[in-house]
Amino acid sequence: MVSGRITNQYLNQAIINNTMKNQEKFVNLNFQNSTQKKVNNLSDDPISLPDLFSAKNNLERIKNYNTNIDLNIAEMSTAENTLDLANKDLQRVFALTTQASNELNTKDETTAIANEISSLLSHIVNLANTNYDGKYIFSGANINTPAYSIAGNDYTYKGTKDADGYKVQVQVNDNSTMTLGQNGDNIFGEYYVDGGGTQVSTGPIGHINELLNDLKSTPPNFVNIRAKIDVFKKDSENVTYSRAQYGTNIDILEKIKSQLAQDKISTETRRSNIEDADLIETASLIKQQEYALQASLQSSTKMIQNSLLNFMQ
Amino acid sequence: MVNIMQSLYTAQDAMRINQAGMSVVSNNIANMNTEGYSKQRLDSESVAFNAGSVNAMAQIQSGTVGIAKVTRYQDEFLNSFIVQENSTLGYDSKSTEVLNALDGYFNEINGSGITGSLKDYFTATQQLALDPTSKVARANFISQATSVASEFNVKYNQLADYRTSLVGDATTSNILNNSQIGKLTQEINNKLEQITELNDKIAVSATQNGVQPNSLLDKRQVLLESLSKQIPVTVRVEGSFVNLYIGNVQLVENGKQLAQLKATVGDSDNPVIISVVDKATGNDVVADYKVNFPQDQGELKALLDAGGNGPDSILDFIKQLNTVAQNFAVSVNNIQLKQLPALPAAATEASLKIDIATNKLTPATENIFLNDPNSALYNPLSITAANIVVNKAVKDNPFEVATAYGPVAAGVATNPDALGNNNNALAFQQMRDTPIVALGNLTAENYYYSTIASVGNNASLSKSKLDAQQASVQQLLDKKQSSVGVNLDEELVDLMKYQKAYQASAQVFNAVNQMMSVIMNMGK
């Protein structure tokens, strides 16, 4: 502020400066209002910038993790359903084995049982070779390879084995990856003659093949068949366990997902606090600024209009 | 003895003086909006006739009026203060201008630029990890990597071009002369020359005509004020001359210019060297302006600082950009090829790509990022934001990307069918959270965020510094305006004052005239 002489240049300059200042504030507020953001330039709030960027980054990650989780939940639900069907087949095999263990069965009856078990075996192998979204879900990392190849009497597992060291992992949040899929040989087993001529026979596939051999032998090997009743009970439990594993993982993923939803809300709040304009505040500031601008223009024009010139003749 | 004729002369003088007063007023009004114009005032004085005469009527002071001088309102103290403060203002406003430009270049708040491309790149790694056999996911990964590289290139070029426009690019003097600093140097030299010339003219007019050349003085003051924004000159007034110094080097002495500035092409760290050279001989008086005058004053110094290699210079930000580009590229490459330079025969694990001919996993051989499209010239330490580029081999065949990582025996994957293995793709994804030692234990993204934040911080600091300095200079200018500027009402009062005095003098003339007629008719 100046005391003493007020010169015309000072007056004009002061009016221009003040009007400019008011207009600048007006324009800035207007810009905030139209972008709905209070941070438009780096210099607007440099202290919060790293926080702002990392919040935006985290939101993106949360989105990515959600995509990961959704896709994998879908895949695991398929696996779970598949194992449910496989278990039903196994229970039927269990029932048929119990039936077959009756030594009074006629040959025809036994053949019929063997035929049904045989078709159940191929259904179970089909289930093990389930392809979801272009991936063989029980082949471990060998997603492009069907889990089982069938040649003659051999049912060979072609997927990844635990000992291989190849896994498929999924990143579900910042610090954890999960291995969600299960290698099929642990669930379904195998039945083949290895390079040394030894018969390898494990899991349901192995046991069903053994059962078929026992049924087909003349006379059927009833001792072995009866022994299989317990074996299939265990196999069924085993499949149920695997199925439960998928269920548990789906459960874990759902929990992580709801945690991510919480994170998303808090991160979004953090971002919004830094970046978003408070629209009500901006609107009222704009109104204030509008009045200030009008008032200053009004008083300024009055000030320069009046001079001695108006009163001289 | 009072002579009646004297009154006649006095009335005539008075009319003349009041006319002169009117012309000063009209000059003031005409120039009331001229920049640098200082109000003038007619100082009149009373002039006595035959002061030595002694007679009965001696008590009656007879005399007339004369022009003592036309005073130019000035305040030398304020002037020197303004000149001094202007140098700081010049530095601050130029620095702010540069930092505002950088603020614009680095403004990626809306998710564009490097920030956005890094984000998209990491999203692509996530898709890659989800579906490592998908050609689409792989192609997307490669195109996002390409976009990261090109965003680095673009940013580098923007900064480098901007730097060139400020201080040249250390190549030719032609580019330097067309840069801001080249033009500024010429402008400063022109101003020094003009001030020297004005010194001369003012001295001549003061000694020969005995008249204060007010308009020339105003002009010189305007030049001094604008020169002081550019370089921190010290002004010493010696009579009608002003002598100019920078530090203890004299630039202008009376009517002679002793020294001027010279811009020469420097090296990549400091693309321009400003020296002060002797005007006559061209020899260096001060070899390096930046070293000799280290205070933050004047636009010239602001340009030298922004274009130099100091902290917070453009080069500093370019270097940070290079650091993040290099470390990002090297980290990605180290994941892509863990077994550099070639897979040792004894290796038990390797990162694995998919061989498209056999559809089997096989050890990866190509880097993702290169410093030169010719992969034979690859040198991880040579990667910069300027040259970072995605390997053409990987671009042509996205299956070169190593998504798997697993056991190998004799250079062959132990389970070549494990195409779904995504350990390496996960490693690409997890790199997002992996601190890099060379980046001060920050992740690539966080390091870049901190660069952006420091640009914003500098811009904001510089802005508030400029605001403060502008306010203090404005106050001085207001003060000066208040003492030297034109006030219309004041002039109009003067106008009426001279008008009335003129009318009164004319009335005196008429009265004396009538008295003379009375005398003439006395004998009739």
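This report walks through the domains, the chain contact and the nonpolar core of a predicted model.

## Ground rules

Local features here need pLDDT of at least 70 and side-chain atom pairs count only at pLDDT 80 or more, while totals for chains, interfaces and linings use all residues. Residues are numbered from 1 along each chain as its sequence is written, and chains are lettered from A and ligands numbered from 1 in the order in which they are written.

## Domains

Domain bounds come from an automatic or database assignment. Chain A gets domain 1 (52-270) and domain 2 (278-313), with C-alpha centres 80 Å apart.

In chain B, domain 1 is made of 4-73 + 485-523 and domain 2 of 106-168 + 314-434. Their C-alpha centres are separated by 90 Å.

## Where the chains meet

Counting a contact when C-beta atoms, placed from the backbone, lie within 7 Å, 53 residues of chain B meet 43 residues of chain A. On the chain B side, α3 (113-130), β14 (404-409), α12 (423-430), α13 (444-484) and α14 (488-520) each bring at least two residues; helices are DSSP runs of H or I, at least four residues, and strands runs of E, at least two, numbered from the N terminus. The top contributor is α13(B), with 17 residues.

## The nonpolar core

A nonpolar core joins buried Ala, Val, Leu, Ile, Met, Phe, Trp, Tyr and Cys residues through C-beta atoms within 7 Å; buried means 20 or more other C-beta atoms within 10 Å of a residue's own, again placed from the backbone. The largest one has 161 residues, and B:Leu303, B:Ala325, B:Phe369 and B:Ile388 touch the most other members. Helix α2 (residues 49-100) of chain A gives the most to this core, 14 residues.

Setting aside neighbours within four places in sequence, B:Ile388 has contacts including B:Ala325, B:Phe369 and B:Asn371.

Key: Contact = placed C-beta atoms within 7 Å. Buried ≥ 20, exposed ≤ 12 C-beta atoms within 10 Å, placed from the backbone.
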